[in-house]
Amino acid sequence: MVTPSPSPLIDIETTSKTWAPLLTTVNFLAIEVTSPANKTLHDVVGLDAFVFLSFLSFAFEISFYPFLLAAVLLFPTYATSSSVSSLGYNSLTIGSLGSGDKRIYIALIFSLSFTAFFLQRLLKLWHNFLPLRMKFLNEGGENAILLTDVPDGMNTEEGLEEAVGFLLGGSTDDVIGAVPMRLATELELKLAEREVAIIELEKLIASAEDSAEAQQIVSSLTSECEGALLTSDKIPASTCGVVILSSLRAKTALLTRILTKPDMLVASSAPNPKDVNWANISNPFTSEARARSVANALALTLVLFLAPILTLITSLGNLENLKETFSFITITEDSPFYGVLQGLLPVILLSVFFALVPILLSLAANKIIKFKSKSQAILWVFEWHSRIILASFAIILVAGSLFSQLQEMLDDPGAIVELLALAVPESSTIFANYALIEVGAGFILLSQAVPALVRKLFGKANHPSTTARAKRLLAVPDKIEYEIILPKTLLILLVAIVYGTIAPLALIICAANFFVELKVYTFLLAHTMENDIEGGGELLYPLSSFTFTFLYIGEAMWAAYLGLQEAIIASVIFAVFAIGATVYVHKKVNVYVLISGSASLLQAALSDEREQGESGSRGDVVAEYRQPCLVRSTWVEVE
């Protein structure tokens, strides 16, 4: 691990003062950095998890507090419309207001207030994040370079050091060491077989059964693996290697040099050793690029064919269709459960579909593309999962609005505008039901986590027949999977944004989901889960990008809806003030992204030399990048 410099190049207080001019224009919106309680939470869970929890808190605030305002402004306005005959979900939507109704300006006031509050909380989120991000970057990291597509004969320690030294001006003074990667698949498979044999041996020992044959199998496999390790120099070299440099200045100079001479080598900043996907580390850059193009094409194909998939899900979720297919389903429309099942069944099937998508994407990331780092794979899955969910939302919204009113449109083409205006609020029910399903899923997750924690503390882990390895595995925290959790959270955030004014009752359902998620994952991250990778809060960049995209979508839909309702002046007012403010704040956030993303390069520019620490720690950095299968001390042993 790198020893931080005793006099940091970027001081948090000084840097905060440097940001002051950038924040002055929005200073009336900025809220000071997190409370002591939140600082403690950040220290416990890490910056990535803290960003995740902060985003959930942000999502809760922008749905719960606007709901309170809607209870005062919108509900009385919608419920007292002359077209409302009885109170219900639809009577509390904007569909209850007729075309040209002047009370739509009350909804305009709410939507402007919602947008202002949304932007204020988003700025607060970034204002709290920036000092923590700078602190993370200030603590430093290994100045390691990952070289791929290395020519034959060069991928040795000496060859890599000489090649990098040549690019740095002919001197290897800045090179601490190099680690060539080898094609050790056979050894990795043999070690995996040995580990399975050790687990079986430990079970026999724990149950006091005869283990002589199992011990012989383990000894034989161990001898084979050790023999392969002794001749590791004969294992073919791959086309990848890692070079560790003495300073951030040298790392930046090398990357710049290779970038301007792309015919020399393919290089990138090496992932943290804990982030390396060792099974894919030897995958050539060209192979990864080709596979990524194929995987992107497959994911895009899935997006393009979402309409028939969602149509099939809707068909399978239709009770009348199911009654025709399965004779044992006898529920009638008179049953009090008929409406509930008819509303929830398609949503449950939709949730199952959304749960399968990240599994397929993860297989593509790790088996087809073969990303070298876990964080790259997670980001790719997260982005495509979010795109698929966003496309699903658009298809359900548009198709549901069109088909639900198709017959009426055919009967009276002149009423198309009015029918579409009525259909948009009605389509919110499926998303509200989805949010309710996710609330239930959150409680189920918590109900599973608490007993698991109890078992780890007091149960099976302390049972005398449990093997030492099993006890240790029971104590290992689960890994939080942001790429699965966050896209579903973003969908519900999109529902809150789009339907906040149109169907405000959806806000409290979304708020309930965010509240449950916040409490559940705060508990899990503090007790039973952990970050597998620490990216320094980079999770906020795609989250912020998607959030602005969703806000633009919601604002465009609301402005268009006002036009459908013949409130042209209201539509123009909203477009000028709300969309204008969003564009302004978006530009500010882009500045913050630039500041927090380029801070490490700023350090390199300010520093002539950034030492890696004492010579002992330099050797440790090199050792961390050696393939685990080629390091005897990393092998599983009998306990």
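1. Helices α3 and α19 run roughly antiparallel (angles over 145 degrees). Their packing angle is about 155°, with the axes 8 Å apart; axes here are lines fitted to C-alpha atoms over the stretch in contact, and angles run from 0 to 180 degrees between N-to-C directions. α3 covers residues 47–79 and α19 residues 505–527, both being DSSP runs (H or I, at least four residues) numbered from the N terminus.

2. A word on provenance: this is a predicted model, where local features need pLDDT of at least 70, side-chain atom pairs count only at pLDDT 80 or more, and totals for chains, interfaces and linings use all residues. Numbering starts from 1 along each chain as its sequence is written, and side-chain values use heavy atoms, with hydrogens and water left out.

3. Where α3 meets α19, the contact (heavy atoms within 4.5 Å) includes Phe52, Phe60 and Phe67 on α3, and Phe514, Leu518 and Tyr521 on α19. The residues split into 20 nonpolar, 3 polar and 1 charged.

4. α3 also packs on α18 (residues 482–499), with axes coming within 10 Å and crossing at roughly 20°. That makes the two roughly parallel (under 35 degrees). Among the residues involved are Phe52, Phe55 and Ile62 of α3, plus Ile485, Leu490 and Leu493 of α18.

5. Now the core: 112 residues make up the largest nonpolar one, and Phe52, Ile94, Trp380, Tyr499 and Tyr521 touch the most other members. Such a core joins buried (under 20% relative accessible area, 1.4 Å probe, protein chains only) Ala, Val, Leu, Ile, Met, Phe, Trp, Tyr and Cys residues through side-chain atoms within 4.5 Å. α3 gives the largest share, 17 residues.

How values were computed:
Parallel < 35°, antiparallel > 145°, perpendicular 65-115°, else oblique. Nonpolar A, V, L, I, M, F, W, Y, C, P; charged D, E, K, R; others polar. Buried < 20%, exposed > 50% of the residue type's maximum accessible area, 1.4 Å probe, protein only.
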